[in-house]
Amino acid sequence: FIHPICLILSLMIGPVYLKAYQNPLPRQSNIFDDNQIELNSLIRSMSDRRSHETCCGGRNGSSDKLQLYALPLSPPSRAVHLAVKLMKIPHDYILIDVLGGGTRTEDYLKMNPQHTVPTIKYGDYHLSESRAILMYLCEEFKGETYYPQDNKLRGLINHRLYFDIGTLYRRLGDALYPVCFGQRNFIPKETREALDESMQWLEEFLQQTTYVAGDVITIADVSLVATVSTYEACQEGLTSLDKYPKVKEWLEKLKNELPEYESACGEGAAAYRSWFQQSYKPDDAQKAKLVAQMTIG
């Protein structure tokens, strides 16, 4: 038996984290169930505003448009949504009813056997994994500006994409998801330090160039901004972004430059903050350390 929360986790961040959550650690009271209630509430709230929202087309998806199956709470979903807005790709945004088994239907599993979000469909072609989707969108919809053909620059963009999925986003997930899913109500020191190391690497990337892979926006920025916006949303439990001035400056720059940032990313990040705050309750000693960290940093 897989707890419903484990199902949601697998949908949002993939099977790699799922096993750790199938047998949750002993917990006080019913915080796990409380988090399920909170998650239900957040998803219902987003569904009320966005269910089957479309851009340039029909309510349930049009065969001549890109169809984006996604969930705003999911950072990878937000990255793809930002990309289709940036490239002005006619699309249907289809919010997946994850609690209702939306990724476990026969039709969805044909598109994406991993039953994760986001997934796209264009004609009879379908694809999952957000960073692969970003590359595909650039190649299919003439987005060379955001994924240039120059081999060295493309190599750097690929590096940043892999840095995101393999290092920064993974370490952010290690810090946040156990709290969001009620496994613990604090972030261990070693977990925060590993994430700090990753953020410092991003800070160093941005000390060299305006954007993460050069002096123009690329899909590497789109991918990483979805991750960093989630970091910002939950930074009451993390090292303050003030410690990473270049990252903070870059994030604010992208908020202003990416089309419809608030609806494509900001709202989902805000919902993630609410989800995180539901369980984040560090003790006084941890709070004191965080205050000192934010003051000194």
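Modeller: A residue is buried under 20% relative accessible area, exposed over 50% and partly exposed in between (1.4 Å probe, protein chains only). The model is predicted, so local features need pLDDT of at least 70 and side-chain atom pairs 80 or more, while totals for chains, interfaces and linings use all residues. Residues are numbered from 1 along each chain as its sequence is written, and side-chain values use heavy atoms, without hydrogens and water.

Biologist: Is K88 buried or exposed?

Modeller: K88 sits in the loop between helix 4 (75–86) and strand 3 (91–95), where helices (H or I, at least four residues) and strands (E, at least two) are DSSP runs numbered from the N terminus. K88 also has a positive phi of about 55°, although it is not a glycine. Its relative accessibility is 68%, which is over the 50% limit, so K88 counts as exposed.

Biologist: How many helices and strands does the chain have, and what share of its residues count as buried?

Modeller: The secondary structure of the chain comes to twelve helices and five strands. The chain has 297 residues, and the share of them that count as buried is 54%.

Biologist: Which class does E129 fall into, given its relative accessibility of 41%?

Modeller: E129 is placed in the loop between strand 5 and helix 6, and its phi is near 70°, a positive value in a residue other than glycine. Because 41% relative accessibility lies between the limits of 20% and 50%, E129 counts as partly exposed.

Biologist: Where is the cis peptide bond, which has omega near 5°?

Modeller: One of its two residues, P118, is found in the loop between helix 5 and strand 4. The cis peptide bond runs from V117 to P118.

Biologist: How far apart in space are T116 and L71, C-alpha to C-alpha?

Modeller: T116 is found in the loop between helix 5 (106–111) and strand 4 (119–122), and at 7% relative accessibility it counts as buried. Although T116 and L71 are 45 residues apart in sequence, their C-alpha to C-alpha distance in space is 9.9 Å.

Biologist: How is the aromatic pair of Y125 and Y136 arranged?

Modeller: Rings of Phe, Tyr and Trp (its six-membered ring) pair if their centres lie within 6.5 Å, with planes under 30 degrees apart stacked, over 60 edge-to-face and the rest tilted. The structure holds ten such aromatic pairs. Y125 and Y136 are 4.9 Å apart, centre to centre, with 35° between the planes, and the pair is therefore tilted.

Biologist: Why does that pair tie together separate parts of the sequence?

Modeller: By accessibility, Y125 counts as partly exposed at 36%, whereas Y136 is buried, with a relative accessible area of 13%. Y125 lies in strand 5 (residues 125–128) and Y136 in helix 6 (residues 130–140), so the parts tied together are apart in sequence by eleven residues.

Biologist: Which residues of helix 11 meet helix 9?

Modeller: Helix 9 spans residues 219–233 and helix 11 spans residues 261–277, and contact means heavy atoms within 4.5 Å. From helix 9 come V225, A226, S229, T230 and A233, and they meet, in helix 11, Y261, C265, A269, Y272 and R273.

Technical notes
Axes fitted to C-alpha atoms, helices over the stretch in contact; angles between N-to-C directions.
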